[in-house]
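Please open the model in your viewer and keep the selection tool at hand.

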Amino acid sequence: DDGRRPTSSARGEILAWINSTLQLNLSKVEEAAPGAVQCQLMDAVHPGLVPMHKVNFDAKNEYEMIQNYKVLQDVFNKLKITKHIEVNKLVKGRPLDNLEFMQWMKRYCDSVNGGVLNSYNALERRDACKGGKEANKRAAPTHASSKSSTVASKAHPSHNTRRNDGNPPNVSQKPPKPASAAAGQAYDEKITELKLFVDSLEKERDFYFAKLRDIEIVCQSPEIEQLPIVGAIQKILYATEDDPSVVA
């Protein structure tokens, strides 16, 4: 944002963040130009808020890409994010425009829960998207190799490890608890739903409060404030919970 030309290290940092967060293997930031990656990044930090079935990981022409950005804009609107999405520039696939937007995306995602993602399953969520399964297949070799290296290291523990625990590797290793991960995601989705509900209630409250304030101002006009009907309205406006109903 300071106008300087981004360095290769900046591009590398953004790429590494995208690939690790979403289990992808993009080689260039501009490969995210179709908009699906941005949608899934928002899904990662706001579970359940993005309609992933509307996201197209196979978008090739500008019309399909724009549909992805419409989904992203809807999410921004729900979250009251005022960041302007320069769709016309992004869909052109120009490196600088896409890098700048991705840098903003990273800053935003890092600001939500400190950038900590609770058991987000990127591959599973992407399965719901158009072209998501194909995207997962393209990403599979990279992540499969990293998993195999991890498995290999566990299968050949050091002499010290065997001596200390005294148990076979397959006994000492505790598998992850998918139920806990699912519960965590459901919890996050419920929190998001409640936040949106509270936001809706606050808007409704402010709407009716503004109307009551307008009525109060009208009742204070010198031309009508002495009228009996105005006195009755003011009694209603200023009545407390313990006061008897003025209308009854």
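In this predicted model, begin with the largest pocket, whose lining comprises 12 nonpolar, five polar and five charged residues. Select V45, H46, L79, T192 and K195, which lie nearest its centre among the 22 lining residues, and then colour α2 and α10 (178-219), the elements that each give two or more residues to this lining. The largest share, seven residues, comes from α10, and the space in the pocket is about 440 Å³. If you now colour domain 1 (8-130) and domain 2 (184-238), you will see that the pocket lies between them, because both give residues to its lining.

Select L26, E31, F57, A135 and R138, the closest to its centre of the 16 residues that line it; here the elements giving two or more residues are α2 and α7 (132-155), with α7 giving the most, three residues. The lining of this second pocket has 10 nonpolar, two polar and four charged residues.

Finish with the backbone at Q23, in the loop between α1 (8-22) and α2 (36-45), where phi is near 55°. K80, in the loop between α3 (62-78) and α4 (87-90), has a positive phi near 60°. Most residues other than glycine have a negative phi.

Technical notes: Residues are numbered from 1 along each chain as its sequence is written. This is a predicted model: local features need pLDDT of at least 70, side-chain atom pairs count only at pLDDT 80 or more; totals for chains, interfaces and linings use all residues. Side-chain values use heavy atoms; hydrogens and water are left out. Helices (H or I, at least four residues) and strands (E, at least two) are DSSP runs, numbered from the N terminus. On a 1 Å grid over the protein atoms alone, a cavity is a set of points where a 1.4 Å probe fits but cannot get out, and a pocket is an open set with protein on both sides within 12 Å along at least five of seven lines; lining residues have an atom within 4 Å of a point. Grid points are joined across faces, edges and corners, and a volume is the space filled by probe spheres set on the points. Ala, Val, Leu, Ile, Met, Phe, Trp, Tyr, Cys and Pro count as nonpolar, Asp, Glu, Lys and Arg as charged, and the others, Gly among them, as polar. Domain bounds come from an automatic or database domain assignment.
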